[in-house]
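Please examine the structure shown below.

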Amino acid sequence: MKLRKIAAFAALALAASAASAQTIKIGFITSYSGLNGNLGPYMERAVRLYIKEHQKDLPPGVKIELITRDDTGPNPDKAKQLAQELIVREHVNLLAGVIFTPNALAIAPLASEAKVPFVIMNAGTSVITTKSPYVARTSFTLWQSSYPLGEWAAKKFKTAYSLVSDFGPGWDSEEAFAKGFEAGGGKLLGKVRVPLQNPDWAAYMQRVKDAKPDALMVFVPAGKTATAVMKNFSDLGLNKAGIKLIGPGDITTDEELPNMGDVALGVLTVHHYSAAATRPANKAFVAAWKKEYGQNETPNFLSVGSWDGTAMIFEAIKEQKGKLDPDKTMEIFKHWKSANSPRGPISIDPETRDIVQDEYLREVRKVNGHLANVELETIAKAVKDPWKAMQKK
Ligand code: PHB
C-alpha cells in the first residue's frame, strides 16, 4: 500500500475511534521467532504486567487493547508490513515494542505519515529517534553504555580489541567504545564486525586471541547470540590467555546467565539495568514478575524498557482523560519522567525524545548460588545519548 493512502486511512481510523468507546489500541510489534525470538515475551510480559497492576489508575471506562505481532527477528520488510496493517486495519492509537534497529527504522516513517506515536521499547541505535518526531524511546542507546565503558576501560587496560555484530547497534557500540577508550589514552589493537546471523565464531575469536589485547569489548544482540559469544570466548581459550571480556550489558543479559554458566563469571559490563539490582523499585518489580510468571522467571533489560514505556503511555492516557491526540501525546512523552523505575531515575530528553538514565558498572558474580549482574557502582549519572550530544557540537 502507498504511504499516502495510509494517511487517508489513518484519518478515517481517527474518526472511527472517536466515535467508539474508550479503548486505547496499542499495536505491539516484537520478535517471537527468528533470531533471538525468545526475547519477545520478555517485552510483552512486562507490558501486560504493567497494565494488570495499573489498569485501576486509568480514567473510568478506559481500557487498553494490546494487539501483538511477530516481526520474526531482524526483518524490516515484515516489520513495515505489520505496522501498516496495525495502522490501517486495526486503527491503533499507538505503536510500541521492537527489538531490532532495522525494524524500528522501517516503521518510523509510517509513524510520521499516519501520526501514530511509536514507543520504542528496545531498539538502541542512536539515529532512530531522529527519523520521526512521533518516536520516543524508553530503552537505551548503545552509546549510553559503550562510551562510559570505553572511558572506564582506559583506566584499567592498556590495549583492547572490539568485536561487534555488523548492524546499527554494533556500529554504534564500536564507535562509542573507541571514542571513550582512546580519549582515555587506551590503544585499540583492532576492530572486527561479524555477521548478525551465524558467524564463524571460532575464526573471529582466534583473530582476537592472536592480537593479544588486554580486553575484548563485544556487542552482540542479547539472547542466544550472547550465550554463543560467551561459550566461544571460553572454548577458544581467550580467558586462559588473560584477555578480559567486557561490553555493554547485552552480552550478559540476565535471562541467559543460567545458560552461559560459570564461563560468564567475572565478565564486566556497563548497562542501565540488572535484575539483581537491590534498589526497592527493582525488588518490587522482580517480585511481581516472579509472582505472575513463576519463581524461576526473571525480567531483563528488554522487560524494563517495556515496563517503563507502558508507564509513559499510561501517563499520556491519564493526562488526556482517555482520548489520545497524537501531538499532545508526544508532548506528554517529551516531559515524562519517573523517579521510581526499576533501573533508577529516568526521564525523556524533550529535545531528542530519547531516555536519560544512569549507567552502572556490573560484574557477573554468584549470588545465593545463581549468576547475577551485580552492580558495583554508578559510573555515569543522568546520561543523555552521547552521540546526539556530539552531533550538536
Ligand atoms: C537493536 O537492534 O537495536 C538491538 C538488538 C539487541 C540488543 C540491543 C540492540 O541487545
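Asn36 counts as buried because its relative accessibility is 4%, where buried means under 20% relative accessible area, exposed over 50% and partly exposed in between (1.4 Å probe, protein chains only). This residue belongs to the loop between strand E1 (23-30) and helix H2 (40-54); helices (H or I, at least four residues) and strands (E, at least two) are DSSP runs, numbered from the N terminus. With neighbours within four places in sequence left aside, Asn36 is in contact with Pro221, Ala222, Gly223, Lys224 and Thr225, contact being defined as heavy atoms within 4.5 Å.

The model is a predicted one, in which local features need pLDDT of at least 70 and side-chain atom pairs count only at pLDDT 80 or more, while totals for chains, interfaces and linings use all residues. Residues are numbered from 1 along each chain as its sequence is written, and side-chain values use heavy atoms, with hydrogens and water left out.

Ser162 is a residue of strand E6 (residues 159-165). Is Ser162 buried or exposed? Its relative accessible area is 1%, and therefore Ser162 is buried. Leaving aside neighbours within four places in sequence, Ser162 has contacts with Glu174, Leu188, Gly190, Lys191, Val192, Leu216 and Met217. Ser162 and Ala215 are 53 residues apart along the chain, and their C-alpha atoms are separated by 8.5 Å.

Pro342 sits in the loop between strand E11 (337-341) and strand E12 (344-349). Pro342 is also buried, because its relative accessible area is 2%. Once neighbours within four places in sequence are left aside, Pro342 is in contact with Tyr273, Arg279, Ala281, Asn282, Phe285, Val304, Trp307 and Asp308.

Lys212 is not a glycine, yet has a positive phi of about 50°. Lys212 is placed in the loop between helix H7 (201-211) and strand E8 (215-219), and is exposed, with a relative accessible area of 65%. Ala382, found in strand E14, also has a positive phi, near 40°, in a residue other than glycine.

The interior comes next. In soluble globular proteins, nonpolar side chains tend to be buried together. A nonpolar core is a set of buried Ala, Val, Leu, Ile, Met, Phe, Trp, Tyr and Cys residues joined through side-chain atoms within 4.5 Å. The largest such core has 94 residues, and the members that touch the most others are Leu95, Phe118, Phe177, Ile246 and Phe333. Helix H11 (residues 301-319) gives this core its largest share, ten residues. Apart from it lies another core, of 26 residues, including Met205, Phe233, Leu238 and Leu371. Phe177 is in contact with Ser146, Leu149, Gly150, Ala153, Ala160, Leu188, Met217 and Ile246, leaving aside its neighbours within four places in sequence.

Grid points are joined across faces, edges and corners, and a volume is the space filled by probe spheres set on the points. The largest pocket holds about 760 Å³ of space. Its lining has 27 residues, with Lys290, Thr298, His370, Leu371 and Ala372 nearest the centre. At least two lining residues each come from helix H9 (257-260), helix H10 (280-293), strand E13 (354-367) and strand E14 (370-383).

How many cavities of 30 Å³ or more are there? The count is one. The largest cavity has about 120 Å³ of space. Among the 17 residues that line this cavity, Ile99, Asn122, Phe219, Pro221 and Asp250 are closest to its centre.

As a whole, the protein has 13 helices and 14 strands. Its C-alpha trace spans about 65 × 45 × 40 Å along the principal axes. Buried residues make up 60% of the 393 residues. Of the contacts with a separation of 6 or more, 69% are between residues 24 or more positions apart.

Key:
On a 1 Å grid over the protein atoms alone, a cavity is a set of points where a 1.4 Å probe fits but cannot get out, and a pocket is an open set with protein on both sides within 12 Å along at least five of seven lines; lining residues have an atom within 4 Å of a point.
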